[in-house]
Amino acid sequence: MEEIRCLLWLVMIFGAGNPRIWKALHRYHSPQKAVEILRKPETDADLHLPEHTLRRIRQTGEDKVDEMLERCEKLRLSILWYGDAAYPEQLLSIVNPPVLLFYQGDSSLLQNHLLLTIVGTRNPAEYSLRVEKTICHDLVQMGFVPVTGYAAGIDITANLCALEADKPSIALMGCGLDVAYPKSHVNLKYEIAKHGLILSEFLPGTSPAPANFPLRNRVLSGLSMGTFVIQAPVRSGALITAENAMEQGRDVFCIPPADIFDKRYMGVIKYLRDGAIPVFDSRDIVYAVSYTHLRAH
């Protein structure tokens with residue numbers, strides 16, 4: 001089996017984002033060898049695979065891999081893998097990078113572009129939307145490419161800002177690219193793909209299970225030079241992305257609360273205290289990026 005087919009088999013066995021995939025790749029030094037050993041797990045007594053994984057190994061032959069590849073072709077989905085020259089180099093520096101990314105659109109956006117992850121609540125205040133639209137409009141005109149988790153609210157607003165300016169954006173899904181989610185914006189992702197890029201590490205047909213989104217968020221922050229939090233209450237999923245960004249050594253930007261007593265903004269206060277960059281207009285992001293670029297060179 002060629003490498004991409006072997007990696008697809010591993011994802012079908014273990015599930016997207018499962019660190020066991022990288023453990024197998026490091027242990028056996030190549031996707032082909034990993035597949036060869038895992039198909040005969042009795043040859044390595046230290047594997048200790050759970051029964052549900054052994055069952056999937058028995059049920060997943062090369063014909064199932066062929067079916068998945070045919071499904072991708074019918075859906076017009078392409079696949080990036082970690083050994084591909086087009087695979088985003090910045091992802092290789094994060095913990096447990098995706099071994100495969102399914103995509104539709106312009107994958108060259110992942111290379112040598114100013115990518116900025118934009119996240120926030122699904123229920124933004126009017127103030128937050130006004131601030132986001134103003135800053136996003138400026139940033140896309142300057143060549144920044146918004147990267148979002150394609151959730152309703154703040155995320156999709158960033159994608160819409162780019163579309164309205166006839167500029168590209170990127171949407172990273174927490175489900176299969178063929179799954180109608182969120183239902184309120186089913187067709188918008190195909191507009192994003194025409195002008196930019198949609199991608200996912202999840203197999204086609206994967207439903208948007210709650211466990212998918214924390215996995216998705218490590219990639220969401222890892223793709224970009226920084227994460228921009230517009231509005232987030234204390235338990236917002238957007239803060240998982242911000243936490244990942246800090247752990248990955250990326251910048252975190254936050255809009256200061258319109259009202260310090262408003263619980264809808266309490267999630268950003270911790271990050272502002274911990275050194276996140278407060279954003280009052282687009283220049284705060286531009287200056288930070290320029291400084292980082294100069295320091296790197």
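**Cavities and a pocket in a predicted model**

**View 1. The second largest cavity and the elements around it.** Strand 3 (114-119), helix 6 (126-141) and strand 4 (144-148) each give at least two residues to the lining of the second largest cavity, where helices (H or I, at least four residues) and strands (E, at least two) are DSSP runs numbered from the N terminus. This is a predicted model, in which local features need pLDDT of at least 70, side-chain atom pairs count only at pLDDT 80 or more, and totals for chains, interfaces and linings use all residues. Residues are numbered from 1 along each chain as its sequence is written, and side-chain values use heavy atoms, with hydrogens and water left out. A cavity is a set of points, on a 1 Å grid over the protein atoms alone, where a 1.4 Å probe fits but cannot get out, and lining residues have an atom within 4 Å of a point. The lining consists of Leu116, Ile118, Cys136, Leu139, Val140, Phe144, Val145 and Pro146.

**View 2. The largest cavity.** This cavity holds about 60 Å³ of space, a volume being the space filled by probe spheres set on grid points that are joined across faces, edges and corners. Among its 13 lining residues, Gly17, Ile21, Pro98, Val99 and Glu201 are the closest to its centre.

**View 3. The second largest pocket.** Of its 19 lining residues, Gly120, Arg122, Arg216, Gly237 and Ala238 are the closest to its centre. Helix 9 supplies the largest share of this lining, five residues.

Note on methods
On a 1 Å grid over the protein atoms alone, a cavity is a set of points where a 1.4 Å probe fits but cannot get out, and a pocket is an open set with protein on both sides within 12 Å along at least five of seven lines; lining residues have an atom within 4 Å of a point.
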